[in-house]
Amino acid sequence: MREYLLGNVAIAKGILEAGAGVIAGYPGTPSSEIVDTLAPLAKDLGIHVEWSVNEKVALEVAIGAAWTGTRAVATMKHVGLNVAADPFMTSAYLGVKGGLVVISADDPYCHSSQNEQDTRRYALFARVPCLDPADPQEARDMTLLAFDLSEEFGIPVLVRPTTRVSHARSDVLVGAPKKRLDNPKFEKDPACRVALPIHARPLHVELLAKQERIEAALEKMPWNQFTKRGNVGVIASGIAGLYAEEAIAELEADVTLLRIGTCPPPQKMIAELLEHVQKVMVIEEMDPITEEFTERIARKVNPEVEILGKATGHIPGTGELDPFAVRNAIAKLLDEDAIDAPALDPEVEKILPPRPPALCPGCSHRAAYYAMKKAFGKDAVYPNDIGCYTMGVQMGTVDTCLCMGASITIAAGIRFGGEERNICCVLGDSTFLHAGLPGLLNAAYNKARMTITILDNSITAMTGHQSNPSSGCTACGDATAPVSLEEVSRSLGAGLVETIDPYDLDASIEAFERARDYDGLSVVVAKRACVIDAVRHGIRRPGFRVIEDKCTGCKKCVRFGCPAIEFDEVAKINALCSGCGVCAQICPNDAIEVAE
Amino acid sequence: MRTSKCDVVVVGVGGQGVILISEIIGRAALKSDLTVRGAETHGMAQRGGSVVNYIRVGCRYSAMVSPGKADVLLALEPAEALRYAHFLSPEGTALVNTKPVMPVTVTTGVATYPQIEEIIEPLTRMCKEVKTIDATSLAAQAGHPQAANVVMLGALSKYLPIEREVLAEALEETVPPKFLEINKKALELGKIEVE
């Protein structure tokens, strides 16, 4: 059946068609919709789908499942694989019984990420094969085949989509879901399941020994396509292959093309191409992995060949590629003129107001930041973390953002480094449960004097409102006891724990002041549902309005930065107002009231 | 050589329903036995930020439309039309909803919003035709201002290599039944606007 599917939904279909029984992931753009798609189907299909608390946990759950013979999947974004790197590296030694597919979605250009790292490096690092889809159809096909590959070689297999694959839509040919394995069983086999040195040494030998067979299998994959034409060649990997194919069609050029969908790349095909051409351009996003292989192979088979790519400055080493950039690169390879990119007249561009993403109207994070800044002042140090709330950078309450959970540990480091001013770090409930717990424990244990604020909307909002252990339900919607962030904080060693409703400004400021003055580790839990999630659950609050006669035009409310507040001689509240009422508390003239 | 039958760039502000347009066109293209590609904005970029989607009907390559190649720029918001105007082909058409959505930089007084004429004038120099549509009012007339995206889809239907009836069928299969009547009216009002 042909359907118009999002890349991530196509991957989810591939997982079902493969008969996977366990799927675990942690949300992260651009990977989240895979589990989002599977969770509502889990009960009917009798499969286990979970949002795990972090990627390391997700991968370990999937490895355990694969050791029963059940086909299993772990999903994450590229930086999530850093968190899961520990089990990932050694799982390549220990191997799997049921197929294990690790989906790690890369984000060239950092559309929604803190870095541009290339998951294919992990494949080479761990000696695990990686499939690199160019579009949603390939993403589905590769996911389905990855399970077979995993079982054939007893090794985890990576599938690495990028943002432009995961969030592309396309007509995709899909099949029916397959039933999961009937009689799963964990069989004891210490030599393959217990990574003691005595076992790890021979397992490492075995891992290296199977590389040649894996490379031979990858070489034959249908996504490695060699089209022999003229004596100028292009080697293009993943989505760049699709861009190159389009550019060659558009230019009607006589160019030999090798499209690559695997890592390691097909070395025999590369050698065959290099023997045929005088000049070759290697096109790929992020790291020059295929390029490095090409250079190495060229030294053996055709040292004279001219290789253009990232090393020669013909292909950018950062950001994402697009058909336009690839077209111009190939034009250059053919000694044709590049087309200038059409651009807006800079004079015209000047009149355009910037439209950065911002915290939603009525978002409780804005209110919490406002109260925090009132109590701690401009001069305090505010280490921050990964989530919607990083957008508070516009409010002057975000001083650092490194990786998941690092707000707390960076704060402690800043304290131990000798900083004497007040320190108040901030992270959300999901990030706290993901990687903040060890940081809190460490800060308490080592006696850091600082405040930790947990912005608790009881949901993983930024990535699309996924549930987590503070939500009170599982990915599949089953009720489960929500973890108490206050009790966890206390038991890990926080000396003072305050709970606030950020919409109650005065009480929030007072609580932040107590936390600030506490001589030890204090925690403030700011509890309020995400405004988007609240509306979805039918919670609607009446909007507010400005009493024009009372407004003196002081702009205190405007500076609060809520998109629902405008200014035209007096303040004005627009239709975006979600009724949080914080601006009414900020107004020194009582000029804001609930609209009738 | 042309590598796509029709390239559309849809722009607007997160929350305006840009993705719905792509879903309906994709479904309609499948019914018409055409290949179709789309790309959309998720995550960080969505929260009230500027969003851009690409839709390529009758295309078997990637979903990305190159600058200077869009047959139609469908703008749900006027300033966003100008922001992405460089995607327009000189032979292309810009369909622009004239109702502004103020960015937070304007509401907080950091930037000012241009006059609508200042937006339209440079657009007319970059493509063959510019059509302004008061889609938000037309949507209100249909029953809900939120249906402005479907009004704009109605206007776009004139330029797509897809039969209008097929697009209407796809709309029916995509929107929730309780909003179907409003959306059908919105689609019709958008069509009339460009005739």
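Which residues on the other side of H21(A) are exposed? I looked, and they are Glu487(A) and Ser491(A). I keep in mind that this is a predicted model.

**Entry 1: helix H21**

I stayed with helix H21 of chain A, residues 485-492. I listed its buried residues: Leu485(A), Val488(A) and Ser489(A). Looking down the axis of H21(A), I found these buried residues within an arc of 100 degrees, so they line one face of the helix. I noted the general rule that an α-helix has 3.6 residues a turn, so residues three or four places apart point the same way.

Next I asked what covers the buried residues of H21(A). The cover includes helix H20 (429-445) and strands S16 (450-456), S17 (496-500) and S18 (521-527), in chain A. I then checked what follows the helix. Gly493(A) comes after H21(A), and its phi is positive, near 120 degrees.

**Entry 2: domains**

I looked up the domain assignment of chain A. It gives domain 1 (2-219), domain 2 (225-333), domain 3 (364-536) and domain 4 (544-594). I also checked the spacing of two of them. The centres of domain 2 and domain 3 of chain A, taken over C-alpha atoms, are 47 Å apart.

**Entry 3: an open sheet**

I traced an open sheet of 5 strands in chain A, in the order S9-S11-S10-S13-S14. Its pairing is mixed. Strands S9 (225-227) and S14 (306-308) stand at the edges with a single partner strand each, so one side of each has no neighbour in the sheet. From one strand to the next, the twist averages 15 degrees.

I picked out one pair. S13 (residues 279-283) and S14 of chain A run parallel and are joined by 3 bridges. In one of the bridges, Lys279(A) has Glu306(A) of S14(A) as its partner.

I then looked for a helix across this sheet. Helix H15 of chain A (residues 289-301) lies across S10 (232-237), S11 (256-260), S13 and S14 of chain A. H15(A) runs at about 155 degrees to S13(A).

**Entry 4: strand S8**

Is S8(A) largely enclosed or open? I found 5 of its 6 residues (168-173) buried, so S8(A) is largely enclosed by the rest of the structure.

I checked its partners. S1 of chain A (residues 2-6) runs antiparallel to S8(A), with 5 bridges between them. Here Leu6(A) stands opposite Arg169(A). S8(A) also pairs with strand S2 of chain B (residues 36-39), in the antiparallel sense over 3 bridges. There, Arg169(A) has Gly38(B) as its bridge partner.

Methods: Residues are numbered from 1 along each chain as its sequence is written. Chains are lettered from A and ligands numbered from 1 in the order in which they are written. This is a predicted model: local features need pLDDT of at least 70, side-chain atom pairs count only at pLDDT 80 or more; totals for chains, interfaces and linings use all residues. Two strands pair if DSSP finds at least two bridges between them. Helices (H or I, at least four residues) and strands (E, at least two) are DSSP runs, numbered from the N terminus. Axes are lines fitted to C-alpha atoms, for helices over the stretch in contact, and angles run from 0 to 180 degrees between N-to-C directions. Two residues are in contact if their C-beta atoms, placed from the backbone, lie within 7 Å. A residue is buried if 20 or more other C-beta atoms lie within 10 Å of its own, exposed if 12 or fewer, and partly exposed in between; C-beta atoms are placed from the backbone. Domain bounds come from an automatic or database domain assignment. The arc is that of the directions from the helix axis to the C-beta atoms.
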